[in-house]
Amino acid sequence: MQRLDSYQRPAFLKDHPPIMQRMILASTGSEEVYLAGTVLGRDSEGNLGPWKASSAGAEGILVEDTTVPAGGGMSADVYVHASVVAQELIFADGVSAADEQTALAALRAKGIYA
């Protein structure tokens, strides 16, 4: 008999079926590790990375832990439509609670509901 490992839903996802899209995370010049559940945004140059208050907009939520090499970008799956638990999402260092609410509103406009 074959045994299939069961799928374990990440803690930040609710039961609504999510939709993913492949996107390129930009390199910052040094190797970076981003954890699943990181809120992503684009900077003024259009590069995708962790959302910051200065980001042009929130784009989605990182599906799985991803290491972006120093020498270039990395292709990663990003949730672009989902129902999430806001308290379990990961924001970049220095993002205030008010900024988190701004990001969550931007994600809601894209179809990610917290």
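This is a predicted model: local features need pLDDT of at least 70, side-chain atom pairs count only at pLDDT 80 or more; totals for chains, interfaces and linings use all residues.
1. Residues are numbered from 1 along each chain as its sequence is written, and side-chain values use heavy atoms, leaving out hydrogens and water.

2. There are two aromatic pairs in the structure. In one, the ring centres of F12 and Y79 are 6.0 Å apart with planes at 70 degrees, so this pair is edge-to-face (Phe, Tyr and Trp rings, the last by its six-membered ring, pair if their centres lie within 6.5 Å; planes under 30 degrees apart are stacked, over 60 edge-to-face, the rest tilted). This pair links distant parts of the chain, 67 residues apart: F12 sits in the segment before β1 (19–25) and Y79 in strand β7 (residues 74–83). Helices (H or I, at least four residues) and strands (E, at least two) are DSSP runs numbered from the N terminus. F12 is buried too, at 4% relative accessible area.

3. W51 and F91 also form an edge-to-face pair, since their ring centres are 6.4 Å apart and their planes at 85 degrees. W51 is in the loop between β4 (48–50) and β5 (57–62) and F91 in the loop between β7 and α1, so the pair ties together parts 40 residues apart in sequence. W51 is buried at 4% relative accessible area, and F91 counts as buried at 14%.

4. Is A109 buried or exposed? With a relative accessible area of 70%, A109 is exposed; this residue belongs to helix α1 (residues 97–110).

Definitions and conventions: Buried means under 20% relative accessible area, exposed over 50%, partly exposed in between (1.4 Å probe, protein chains only).
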